[in-house]
There are 2 protein chains.
Amino acid sequence: MASSIELAQFLLIRAVELDERGRWTESLTFYQDGVTELLKHVRGLSNKGDQQKIRDKIETYINRAEVLKGKLDEKKKMGNYHEQIEIANNEKGVTYEKLFGRFLDENVEQIDVTDPYIHNKHQCYNFLQFCELAIKNCKNVKRINLLTTYADRPQHSNKTARVKQEENLKQLQESLRKMKITLNINYSNTLHDREIVLSNDWVIKIGRGLDIFCHVPEFSIGFTDLSLRPCKETVVNIFHRASLIK
Amino acid sequence: MASSIELAQFLLIRAVELDERGRWTESLTFYQDGVTELLKHVRGLSNKGDQQKIRDKIETYINRAEVLKGKLDEKKKMGNYHEQIEIANNEKGVTYEKLFGRFLDENVEQIDVTDPYIHNKHQCYNFLQFCELAIKNCKNVKRINLLTTYADRPQHSNKTARVKQEENLKQLQESLRKMKITLNINYSNTLHDREIVLSNDWVIKIGRGLDIFCHVPEFSIGFTDLSLRPCKETVVNIFHRASLIK
């Protein structure tokens, strides 16, 4: 059972580090995953004394997570919670789920995605993966609004790219329609900002938009599982705007 | 926090049901996931009495999981553990991870996959997703041996399909080589059996091989996340052969 305890240590060290740096929502998920690994470890122990030691640790981490959750709720009420995540060049292990999956919950009915680069095949796949995550995490989502630019912006007139982009997104729209979710697609030619706004008042701003993963060939490790691909350097800002919209 | 407790109830009811039916390795993961959800729920409770009630439940489930693990170890030692999983037609929520991810661990150095149908693009994607899972779960895997048939079997002579099959699998081979994992690809024309043999002595037999998911178009929900796709009806048999190979 060495690997459970090693993984638990890794996760909990990271939880404490994120906690100290004020990245509480991330820290909470690391505490939770760490405790899960400790639970696996405790199952493998036969000595009652050893078991009790680990259970005391579990208790400590759960208590800390509860304190953190209380602080977070307070900050959210005051509308001034803000966290920043830096993704390093070539960093691996990143997924949309890990980055911001914890903000996609059953309170989300509408998602507004503004991202100028949902153009090429791999960018349409990114948006597909985002929608798949949204469907899994947001049981009550009814509407996804995408605002992007046409693949054939004035300076690069390329009808084929635009036709493919529209075909891909319409296919996704049809697939979502069958699940009773409306995907509205709108195009603008003057778009620079990138943001994802959830109707539970969380706002996710990724410097590069959804296009944060390095390219890999089609039948290579990491093609379908994004956590195995290296990332491009970028910064993610997440904040809650509860007090702003009242 | 209604959803955590609802999810916990769902998971734990399933854990107990699987436990009673003797599907212990699956039951263990449901107990674990259920306890994780109870931990999330307990964090959201402010009343100390309510917290204690849930913690008592957590304790009960952990104890049961420990008993189960002991029984499982004993059965494995005797070499007669065998479980059967039936996947219904159109069932959703199935992934390779959920089906048999719990058997892929750090003790696996070699994986032998015998599957006559790693031919078409979607079947090569299936095998890619299997390899991605293996890499994530088996930290010490060094070798994956694939035995399949050529896409142009004598009765369907189609050179193009065969060329594409070889190209796809070679691309995967090259990608694995960069991670210091050898993928050996061998072809047979007299292959009927389907099985995955792990060097930690678990054997996984899926009636249909890896090709258990229904087709969805390329930019549709479920194309990259297999848990969102319906399945074809099939039976999975998993057994341990510790005593056989001694």
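Predicted model: local features only at pLDDT ≥ 70, side-chain atom pairs only at ≥ 80, totals over all residues.
Residues are numbered from 1 along each chain as its sequence is written, and side-chain values use heavy atoms, with hydrogens and water left out.

The secondary structure of chain A comprises 6 helices and 7 strands, taken as DSSP runs (helices H or I, at least four residues; strands E, at least two) and numbered from the N terminus. Of the 246 residues in chain A, 51% are buried, that is, under 20% relative accessible area with a 1.4 Å probe and protein chains only.

Helix H3(A) covers residues 48-78, and its 31 residues reach 45 Å from first to last C-alpha, close to the 45 Å expected at 1.5 Å a residue, the expected span being 1.5 Å times one less than the number of residues. At the N-terminal end the helix is capped by A:Asn47, a side-chain oxygen of which lies 2.7 Å from the backbone nitrogen of A:Gly49; after the helix comes A:Gly79, with a positive phi near 75°. The buried residues of H3(A) include A:Ile54, A:Ile58, A:Ile62, A:Ala65 and A:Leu72, as well as the charged A:Arg55, A:Glu66 and A:Lys69.

The axes of H2(A) (residues 24-43) and H3(A), fitted to C-alpha atoms over the stretch in contact, come within 10 Å and cross at roughly 160°. The two helices are therefore roughly antiparallel, a term for angles over 145 degrees.

Methods:
Chains lettered and ligands numbered in written order. Buried < 20%, exposed > 50% of the residue type's maximum accessible area, 1.4 Å probe, protein only. Polar contact = N/O pair within 3.5 Å; in protein donor to acceptor, adjacent residues only side chain to side chain. Axes fitted to C-alpha atoms, helices over the stretch in contact; angles between N-to-C directions. Parallel < 35°, antiparallel > 145°, perpendicular 65-115°, else oblique.
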